[in-house]
Amino acid sequence: MSAATVSAAAVVAATAALAALYWRLVPPDDLDLGGLDAAASKGQGYVPVAPADDKAAYPATLFGERLTANLPLGKTHYFMVGPRDGKRVVLVHGITISWAAFPSFVHDLSSKGYLVLGFDLYGRGFSASPGVAYTPSVYVNQLNGLLDHVGWDKANVVGYSLGGGVVTAFAAQYPQRVEKLVLLAPAGLQESIPSAAVALLSLPFIGRLFSHTIGRRLLSHLSAKNVKPTSSSALTPALQADIDHFCRVMRLNVLHNPGFMRAYRSSLLVGPVSKMKPAYKTVESNGVGKRTLCVWGTADLVVSFRRDSPVFHQVVPSAKLVEIPEAGHSIVLLDRTAVIKAINEFL
C-alpha cells in the first residue's frame, strides 16, 4: 500500500471520527432542547449529568413557588419576590447566567419594598431552549409575553449585560410598558465583537463543534475568573459564599444545560450584544431616555466602559449615568450594595 493511500485512509478515518463526534455532541438547530429539567436526568444526550452539589444550587423553587408561563416559543420559568403592593420591577439577566446566581441581589432589592419579577431567558435555567435564532426580537417577545402572562401593563425594567440590550430593544418597541429603564453594564453598543473566539464560533461546522466541546469548558473557566473581587469590593465571608453560589449555578447552566451553548453562540452572533445602537437612539427619541439610569463599573472590560460609555452618552444623552469606580463587569455580584443604592434612589 502506497504512502498516498495510507494518508488518504487516515484522512477519511479522521473525518469520519470528527463527524461522529459532531453528531453526538452538537444538537440540531431546530430541536427544542429543554432546560435544566432535561439536564437533571440524561442531559438530552448532549451534556453530562450535573454533580449533586451544582444541581442543589439551583432548585426550581429557589425563590419560592415554581412558576411557569407557556409562551409561543416554549415555557418560561419565572419567580416573584417581595410585597405584592410594591413597585413593580422586572429583571433581565445576562448572556451566561440567570438570576438564580444572584439571590442576594434579588432579596436585597425586594427588601427595599419592590415586587421583583425575574425569569430565565430562553436557553438558560429552567426555561425552554427553542430551536430558533436568538435575535433581539425573540427575547423582547419573551419579556412582553411574560408581562402579559402576569398581568402587568407596565413595570420598571432592569437589564444586566446582554439583558441591557434586551430591555433597550423592549423599551424601543414598547415604551408604554416601561415606567423607568435601568441598564447595568449594558451590551449592544458595539457594531461588532472583535474576538477570535467569535470568529471561530461563526464557522458553520467547526464553530458549533468547538462551542459544544472546548468552548463550553473555556467559557466556564472564564466566567469563574471574571467574578474575582476587584479593589472596589472587599472579600468578606458573605461575599465568598455568594461567589461560590454563583460558580455552582454558572457551571450547572454552562456545562449541563443542553440548550445553553446553542443559545449562547446564537446570541453572540445575532443577538442583542452588538448592532443595537438604533434601539438606544429610539429610547432617546421616544421619551424613555429621560427616565433611564445606567450603572457601570469603570474597570469593566467585558462590556468595556472606556469604549462604550462615550457611545452611550452620545445616543442617550438624557439618561443618568452612575459610575462605580474600579468596578468590573460583575457589579451585580461584587458591588451589589452600590448598584441597589443607585437603583433605589432612581426608582
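In this predicted model, the lining of the second largest pocket is made up of seven nonpolar, three polar and four charged residues. The pocket holds about 180 Å³ of space. It is lined by 14 residues, and those closest to its centre are Asp 29, Arg 208, Arg 262, Arg 265 and Ser 266. Two helices, α8 (206–212) and α11, each supply at least two residues of this lining. The most comes from α11, with six residues.

Helix α11 (260–270) also supplies at least two residues to the lining of the largest pocket, as do α7 (196–201), α9 (214–225), α10 (237–256) and α13 (305–315). In the largest pocket the largest share belongs to α9, with six residues. The volume of the largest pocket is about 1000 Å³. Its lining has 41 residues, and Ile 95, Leu 219, Tyr 264, Leu 268 and Val 302 lie nearest the centre. By class, 27 of the lining residues are nonpolar, eleven are polar and three are charged.

A search of the whole structure gives two cavities of 30 Å³ or more. The largest cavity has a volume of about 50 Å³. Its lining consists of Ala 101, Phe 102, Pro 103, Ser 104, Phe 105, Asp 242, His 245, Val 332, Leu 333 and Arg 336. Two or more of these residues come from each of α4 (103–110), α10 and α14 (331–334). Helix α4 gives the most, with three residues. Helix α10 is also one of the helices that supply at least two residues to the lining of the largest pocket.

The second largest cavity holds about 40 Å³ of space. It is lined by Tyr 58, Ala 60, Thr 61, Leu 62, Phe 63, Gly 64, Glu 65, His 77, Tyr 78 and Phe 79.

The table gives the lining of each space by residue class.

| Space | Nonpolar residues | Polar residues | Charged residues |
|---|---|---|---|
| Second largest pocket | seven nonpolar | three polar | four charged |
| Largest cavity | six nonpolar | two polar | two charged |
| Second largest cavity | six nonpolar | three polar | one charged |

The sheet comes next. Eight strands form an open sheet in the order β1-β2-β4-β3-β5-β6-β7-β8, and the pairing is mixed. Strands β1 (67–71) and β8 (320–324) are at the edges with a single partner strand each, so one side of each has no neighbour in the sheet. On average, neighbouring strands of this sheet are turned by 20° against each other, direction ignored. Within the sheet, β5 (residues 155–160) and β6 (residues 178–184) run parallel and are joined by five bridges. Gly 159 stands opposite Leu 183 in β6.

Finally, how do the axes of α5 and α6 cross, and at roughly what angle? The axes of helix α5 (residues 136–150) and helix α6 (residues 162–173) come within 9 Å and cross at roughly 70°. That angle makes α5 roughly perpendicular to α6. The crossing of α5 and α6 is right-handed.

Notes. Residues numbered from 1 in each chain as written. Predicted model: local features only at pLDDT ≥ 70, side-chain atom pairs only at ≥ 80, totals over all residues. Heavy atoms only, no water. Pairing = 2+ DSSP bridges. Helix = DSSP H or I, 4+ residues; strand = E, 2+ residues; numbered from the N terminus. Axes fitted to C-alpha atoms, helices over the stretch in contact; angles between N-to-C directions. 1 Å grid on protein atoms, 1.4 Å probe; cavity = no way out; pocket = protein on both sides within 12 Å on 5 of 7 lines; lining within 4 Å. Points joined across faces, edges and corners; volume = space filled by probe spheres on them. Nonpolar A, V, L, I, M, F, W, Y, C, P; charged D, E, K, R; others polar. Parallel < 35°, antiparallel > 145°, perpendicular 65-115°, else oblique. Left-handed = near helix turned anticlockwise from the far one by under 90°.
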